[in-house]
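Me: I am new to this structure. Please show me how to read its features, one at a time.

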Amino acid sequence: MRSYRRIATEEAFTTQSIIDETDKLIAAGDIEPGFAKIAGSILGDSPGARDVKRRLLDLGEGRIAQMDADGIDFALISINSPAVQVFEASRAVGLATEANDILAEAIKGRPDRFAGLAAVAPQDPAAAARELERAKGMGLKGFLINSSTAGEYLDLPKFAPIFEAAEALNMPLYLHPREPGPTMVTPFLDYGLYFAGWGFAAECGLSAMRLIMSGLFDRYPGVRVALGHMGEGIPFWLQRIDNRYGLQVKIGAVDPLAKAPSAYFLDNFQITTSGVMTDAALRLAIDVLGVDRIQFAGDYPFEDVKAGVDFLEGTPISAEHRSAIFETNAVAFWDLPATGPIIGAGQ
Ligand code: MN
């Protein structure tokens, strides 16, 4: 019998208001080219896309039943991508506030199975900071931002209020992918490259690297960030990132940071598995980061969560490592309930 809970940490939801406003925005037509691709695929009107929307909207018994079927004991639920980040500021703030109210209410009904991350609108950094404080008061455990907003990345000084609040409130950021922003998307528009097979990781990896290389973690050393998809490629590149940063410092091409880039990645980041299901990728992540910086995520409803569970149950790691990745790392990072029901226990 299992002794650990399986906690999934990148599990998406949306609200009917976000769907309705997104449909209106798409119908009006004045949208970024990358988002237009998303609008025509995963946010479109195919049977598959409609099924994804139905699953995203369900924060009740349907979601619990799917978690039971997939073998997920506890889900850390967060807003979908790109959600509120495509709207003008005041609409985005309102949609994020409503989404947080809906999520907090669902968690109140099932605190044994659900916790949540706040949605915020980076378009209004002061409002986002205030919403983080309100979200903390409602019991939400951190917040999620989908990479860049209108082509602007979170290292820019205008976003400082968000990180000030995140550090003061000890609310970790889940830095989640979206399609590449308008200044980088053009070569990604062909062949489906804007999507989660490549473009999402290129975009979100860039977002994370901008946070590191901007010195953000020197200014806010208490800011903690989670990256999905086994770290969006960064663990693979970390040695070379340090090596080439060293050369750039030596030739005066960049200003030195207080530490090597990899040190910020180890000190301020954790990664989640979300949809990466190979022994080799997990082994590399454990070798480079250590097992204590890796959490399990299902990426519901965009991935086969059961396949993710089966992968982590079957991959050749020790029982202690499996338990750390499925449960205890996430509990510590997000301040989740230390105990809870284990699905199938006693059967
Ligand atoms: Mn995801």
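Reply: We will go through helix pairs, cavities, a pocket and some backbone details. Keep in mind that this is a predicted model.

Me: How are two packed helices described?

Reply: Two packed helices are described by the angle between their axes and by the distance between those axes. Start with α6, residues 125–137, and α7, residues 160–169. Their angle is about 20 degrees, and their axes lie 8 Å apart.

Me: Why is α6 called roughly parallel to α7?

Reply: Angles under 35 degrees count as roughly parallel. The angle here is about 20 degrees, and that makes α6 roughly parallel to α7. The crossing of these two helices is right-handed.

Me: Which residues of α6 and α7 meet?

Reply: From α6 come Pro125, Ala128, Ala129, Leu132, Glu133 and Lys136. They meet Pro161, Ile162, Ala165, Ala166 and Leu169 of α7. By class, this contact has nine nonpolar residues, two charged and no polar ones.

Me: Let me try the next pair. At what angle do α8 and α10 pack?

Reply: Helix α8 spans residues 199–213, and helix α10 spans residues 234–250. They pack at about 40 degrees, with axes 13 Å apart. The two helices are therefore oblique to each other. Their crossing is right-handed.

Me: Which residues make the contact of α8 and α10?

Reply: On the α8 side, look for Gly205, Ala208, Met209 and Met213. On the α10 side, look for Ile234, Ile241 and Tyr245. Six of the contact residues are nonpolar, one is polar and none is charged.

Me: Which helix gives the most to the lining of the largest cavity?

Reply: That is α1, with four residues. Both α1 (16–28) and α3 (47–57) supply at least two residues each. The lining of the largest cavity divides into eight nonpolar, three polar and two charged residues.

Me: What lines the second largest cavity?

Reply: The second largest cavity has a volume of about 80 Å³. Its lining consists of Ala8, Glu11, Arg63, Gln66, Met67, Asp70, Ile72, Ala75, Tyr300 and Val305. Two elements give two or more residues: β1 (7–13) and α4 (61–70). α4 gives the most, with four residues. By class, six lining residues are nonpolar, one is polar and three are charged.

Me: A pocket is open, unlike a cavity. What is the volume of the largest pocket?

Reply: The largest pocket has a volume of about 920 Å³. It is lined by 36 residues. Nearest its centre lie Ala196, Phe200, Ala201, His229 and Glu232.

Me: Which elements give two or more residues to that lining?

Reply: Find α8, α10 and α12 (279–289). Of the elements, α8 gives the most, with six residues. The pocket lining has 23 nonpolar, nine polar and four charged residues.

Me: Where is histidine 229 found?

Reply: Histidine 229 is in the loop between β7 (225–227) and α10. Leaving out residues up to four places away in sequence, histidine 229 touches Glu10, His176, Pro177, Thr272, Thr273, Ser274, Val276 and Asp299. Alanine 297 is 68 residues away along the chain, yet the C-alpha atoms of histidine 229 and alanine 297 are separated by 8.5 Å.

Me: Last, the backbone. Which residues does a cis peptide bond join?

Reply: Check omega. A cis bond joins serine 81 and proline 82, with omega about -10 degrees. Proline 82 sits in the loop between β2 (74–79) and α5 (89–109). The peptide bond from tyrosine 300 to proline 301 is also cis, with omega near 0 degrees. Proline 301 belongs to the loop between β9 (294–295) and α13 (305–314).

Me: What is the phi of serine 147?

Reply: Serine 147 has a positive phi of about 50 degrees, although it is not a glycine. Look for serine 147 in the loop between β5 (143–146) and α7.

How values were computed
Residues are numbered from 1 along each chain as its sequence is written. This is a predicted model: local features need pLDDT of at least 70, side-chain atom pairs count only at pLDDT 80 or more; totals for chains, interfaces and linings use all residues. Side-chain values use heavy atoms; hydrogens and water are left out. Ala, Val, Leu, Ile, Met, Phe, Trp, Tyr, Cys and Pro count as nonpolar, Asp, Glu, Lys and Arg as charged, and the others, Gly among them, as polar. On a 1 Å grid over the protein atoms alone, a cavity is a set of points where a 1.4 Å probe fits but cannot get out, and a pocket is an open set with protein on both sides within 12 Å along at least five of seven lines; lining residues have an atom within 4 Å of a point. Grid points are joined across faces, edges and corners, and a volume is the space filled by probe spheres set on the points. Axes are lines fitted to C-alpha atoms, for helices over the stretch in contact, and angles run from 0 to 180 degrees between N-to-C directions. Angles under 35 degrees count as roughly parallel, over 145 as roughly antiparallel, 65 to 115 as roughly perpendicular and the rest as oblique. A crossing is left-handed if the near helix is turned anticlockwise from the far one by less than a right angle, and right-handed if clockwise. Contact means heavy atoms within 4.5 Å.
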